[in-house]
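Here is a short tour of one structure, written for a colleague who likes to follow along on screen.

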Amino acid sequence: MKYLYLFICILFLTTCKKEKYSIQNLNGNSITVMGHGGMGFESLYPLNSAEGILNCLNLGADGSEMDIQMTKDSVMVLFHDQDLSETTNLKGNIHSLNWSEIKDAYYTISPYQGFTISTLDDLLASVKNVHDYSFSFDCKLYKREDQELFEETFIRTLQKVIEKYNLENNVYIESQSQEFINRYKSYYPDMRLFIYTENFAKGLDFAKSKSLYGIFISTKYVTKEEIKLAHDNNLRVAIWGITSEKGNIESIKKNPDIIQTDKLRHLLKELDR
Amino acid sequence: MMFLDFFSKKSRRLESIFLFVILSIGFCSTAQQDSMLVKNAVYAEVFGSAGYGSLNYERFLWCRSHVMLISKMGFSSYKMFDFNRTFNPDVIIPISIQTLLGNTHWMELGVGQTISSIVKLDRQTKEMKRFTHLSTVPSIGYRYQKTQRGMLIRVTYSPIVEFNTTLRHWGGVSWGFTF
């Protein structure tokens, strides 16, 4: 009878044991855990708010993804949407307004919170031990007439902020625009550039041809085998679009190098961080 | 200390509101009570004047025929821990005066101020700081409430004039009891 109890206990412990992962990637067989815009979609902190990103870092994440835009007077700000009215109390495009016109805008997703838009400089200045973290900058380049000049200024301005904090080795640059990535590569060939794609094959071809650092893709558009193929071509893969705990587990099993998740607490727990 | 700052900063404006409510509650003891047999109510509100929900206490100040005057104070919080992961709760306190018209089935009209004290990043110092704001919340709605002890149900349209600058359409549903 005693042995039966022992057997049941062992059986119980083994069935409850957390799933362990044998990760194989180009990131030292470890996954870099990042919050999506800080704490993700379901948080009370707005996406890209300084408070959300700081909360994400203080929870134990390796870093955070954030959306970057540039104001008319060349200030890099953290904001996702094309028009301010989608999530704040103001109207207009970031690139058509000066920072002084934007700085008092506040996110309207939750009553009374009034979190404001942050500049990239302000955020990095408030992160303690900033070199301990990684940051993925999703460059939002909403089309303009003077796109070429705008992108050039964007790159120079962003790089200036990165260099101010000596974060060249802590930053990933993402963009959907191949022209932008080409331009960035021509100015700063050593930066870690990711092409943001919805088509793995096309993204792989472009990343290979330009010797990029990696591919940035939604988890729904990429398989474990495709990630292996990218690794075989010396390309890292960062995945996003993970909105559930199940999604976290499925994504880990694909062996990506970076995961940007909306379920940060669960992913950290799942990876024993 | 930051939590206590909430009471020290902008204290004059907030003190005047608290004073008003306290005096109002004191006034109720001498106020004329006509047909109302109960004087208090407690209820939980989903959404409503505190944002996503609150616990509220009401004191019935004055009642005559089919008219009643009520003062209300509530409490709510969004987060208990700030973004540095230390215990430092957001505090949201809705205060209001309401007039009820009817009997058992009441129409409710009210106006109030919601004090919100939220922990955010201070751009100047790059440190965490507690910011306190006032927002005006008018309300109109329906209330089911008997003159004796019993259940209270209310449904309100309560737009928030957030930070007294921006209108946000809002409403709430409440359930509680009178005693």
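Ser211(A) sits in the loop that runs between α7 (200–209) and β7 (214–218) of chain A. This is a predicted model, so please read every value here as computed from predicted coordinates. Most residues other than glycine have a negative phi. Ser211(A), although not a glycine, has a positive phi of about 50°. Is this serine buried or exposed? Ser211(A) counts as exposed because its relative accessibility is 52%, and the cut-off for that class is over 50%.

Asn166(A) belongs to the loop between α5 (147–164) and β5 (171–175) of chain A. With a relative accessible area of 52%, Asn166(A) is exposed.

Now turn to Glu65(A), which is found in strand β2 (residues 63–70) of chain A. Leaving aside neighbours within four places in sequence, the residues in contact with Glu65(A) include Met34(A), Gly35(A), His36(A), Gly37(A) and Gly38(A). Among its other contacts are Ser136(A), Asp138(A), Glu174(A) and Gln260(A).

Still in chain A, Tyr187(A) is part of helix α6 (residues 178–187). Tyr187(A) is partly exposed, with a relative accessible area of 25%. Not counting residues up to four places away in sequence, Tyr187(A) touches Glu152(A), Ile155(A) and Arg156(A). With Glu152(A), the side chain of Tyr187(A) makes a polar contact of 3.5 Å.

In chain B, Lys39(B) is placed in the loop between α2 (11–28) and β1 (40–47). Its relative accessibility is 36%, so Lys39(B) counts as partly exposed. Beyond its neighbours within four places in sequence, Lys39(B) is in contact with Glu58(B), Arg59(B), Phe60(B) and Phe179(B).

The table gives two C-alpha pairs, one for each of the last two residues.

| Residue pair | Separation along the chain | C-alpha distance |
|---|---|---|
| Lys39(B) and Ile70(B) | 31 residues | 9.4 Å |
| Tyr187(A) and Gln159(A) | 28 residues | 9.8 Å |

Finally, let us look at where the chains meet. The size of an interface is often given as the accessible area lost when the parts come together. Between chain B and chain A, the buried area is about 2,400 Å², and carbon and sulfur atoms give 54% of it. The contact draws on 31 residues from chain B and 27 residues from chain A.

How many salt bridges are there between chain B and chain A? The count is two. In a salt bridge, the side chains of Glu127(B) and Lys128(A) meet at 3.7 Å, N to O. There are also 21 residue pairs in polar contact between chain B and chain A, counting pairs with both residues at pLDDT 80 or more.

On the side of chain B that touches chain A, the elements giving two or more residues are β4 (91–121), β5 (128–145), β7 (160–162) and β8 (166–168) of chain B. The largest share, seven residues, comes from β4(B). By residue type, this side of chain B divides into 13 nonpolar, eight polar and 10 charged residues.

Methods. Residues are numbered from 1 along each chain as its sequence is written. Chains are lettered from A and ligands numbered from 1 in the order in which they are written. This is a predicted model: local features need pLDDT of at least 70, side-chain atom pairs count only at pLDDT 80 or more; totals for chains, interfaces and linings use all residues. Side-chain values use heavy atoms; hydrogens and water are left out. Contact means heavy atoms within 4.5 Å. Buried area is the accessible area (1.4 Å probe) that two parts lose on being put together, summed over both. A salt bridge is a side-chain nitrogen of Lys or Arg within 4 Å of a carboxyl oxygen of Asp or Glu. A polar contact is a pair of N or O atoms within 3.5 Å; within protein, one must be able to donate a hydrogen and the other to accept it, and residues adjacent in sequence count only if both atoms are side-chain atoms. Helices (H or I, at least four residues) and strands (E, at least two) are DSSP runs, numbered from the N terminus. Ala, Val, Leu, Ile, Met, Phe, Trp, Tyr, Cys and Pro count as nonpolar, Asp, Glu, Lys and Arg as charged, and the others, Gly among them, as polar. Buried means under 20% relative accessible area, exposed over 50%, partly exposed in between (1.4 Å probe, protein chains only).
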